[in-house]
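Dear colleague,

Please find below the sequence and structure that I am handing over to you. A summary of the findings follows.

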Amino acid sequence: MSQNKSGKGHHYASPSILIFLIFAIILGFIIIQGNRKVLIIRNQRTNEIYLQKTVHKSDIIIFGWIHSFEHIPWNEYYKVLEDDQLLLETIEIAGFGAGIPNNKGKVTVDDNGMIIMSDINEKFEHINWIHSQTALDFIKLDEAIIGRGSDFPHHESLILEIKDR
């Protein structure tokens, strides 16, 4: 212990305590950053990234489509899983037509006439599609629009995936 001119003592932290505190702060930062999940939409051929958003386990990703032939809305609801997979839970569609599944999960019709296929529980490692700026209306993350059809290049092969960062 050292003393100043007034005779009062000062205590200094030992170097080992300071090193431990610095190490703990750095380790905490690495752990927090290491648990981050990111939604990525990229070009399958060039790997150019068009969208990156932080997501969390149980977030809901909604694809809103306009059926190319029937011109009716088609919404797909995916839950982000802990293992970075996507769980297709629900499909909502205004009617049946070309290419529209009719036997997924539990089928009901709401008061507005929308056909709802729920309890689908189909897992996907990623979602691939040939992008159409007119067929994709939106992509939402928990009801907030994060992308529109016009945000991505037309007639390109795209992939949506979840990655740990």
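**Aromatic contacts, core and strand pairing**

Tyr 78 has a relative accessibility of 5% and therefore counts as buried, the limit being under 20%. Please bear in mind throughout that the model is a predicted one.

Tyr 78 takes part in an edge-to-face pair with Phe 124, because the two ring centres are 6.0 Å apart and the planes stand at 75°. This pair links distant parts of the chain: Tyr 78 belongs to strand S6, Phe 124 belongs to strand S10 (residues 122–124), and 46 residues separate them. Phe 124 has a relative accessibility of 25% and so counts as partly exposed.

Over the whole structure, the search finds 6 aromatic pairs. One of them is formed by Phe 63 and Tyr 78, again described as edge-to-face, with 6.1 Å from centre to centre and 75° between the planes. Here too distant parts of the chain are linked, since Phe 63 lies in strand S5 (residues 60–66) and Tyr 78 in strand S6 (residues 73–80), 15 residues apart. Phe 63 is buried, because its relative accessibility is 0%. Ring pairs join Phe 63, Tyr 78 and Phe 124 with Trp 65 and Trp 129 into a cluster. On a separate note, Lys 140 lies over the face of Phe 138, at 4.8 Å from the ring centre.

For Ile 139, neighbours within four places in sequence left aside, the contacts include Ile 41, Ile 61, Phe 63, Trp 129 and Phe 152.

Strand S5, which holds Phe 63, deserves a description of its own. S5 is largely enclosed by the rest of the structure, because 5 of its 7 residues are buried. S5 and S6 run antiparallel and are joined by 7 bridges; within this pairing, Ile 60 stands opposite Lys 79 in S6. The two strands form a hairpin with 6 residues between them, and His 71 in the turn has a positive phi of about 55°. S5 is also joined to strand S12 (residues 136–141), in the antiparallel sense, by 5 bridges. In that pairing Phe 63 stands opposite Ile 139 in S12.

Strand S7 contains Thr 90. Thr 90 has a relative accessible area of 17% and is therefore buried. Beyond its neighbours within four places in sequence, Thr 90 is in contact with Asn 75, Glu 76, Tyr 77, Ile 116, Met 117, Ser 118 and Ile 120.

Finally, there is an open sheet of 4 strands in the order S4-S3-S14-S11, with antiparallel pairing. Its edge strands, each pairing on one side only, are S4 (49–55) and S11 (126–130). Neighbouring strands of this sheet are turned against each other by 15° on average, direction ignored. S11 pairs with strand S14 (residues 157–164) over 5 bridges in the antiparallel sense, and Ile 130 stands opposite Ser 157 in S14.

With kind regards

Conventions
Residues numbered from 1 in each chain as written. Predicted model: local features only at pLDDT ≥ 70, side-chain atom pairs only at ≥ 80, totals over all residues. Heavy atoms only, no water. Phe/Tyr/Trp six-rings, centres within 6.5 Å; stacked < 30°, edge-to-face > 60°. Buried < 20%, exposed > 50% of the residue type's maximum accessible area, 1.4 Å probe, protein only. Lys NZ or Arg CZ within 6 Å of the ring centre and 35° of its normal. Contact = heavy atoms within 4.5 Å. Pairing = 2+ DSSP bridges. Axes fitted to C-alpha atoms, helices over the stretch in contact; angles between N-to-C directions.
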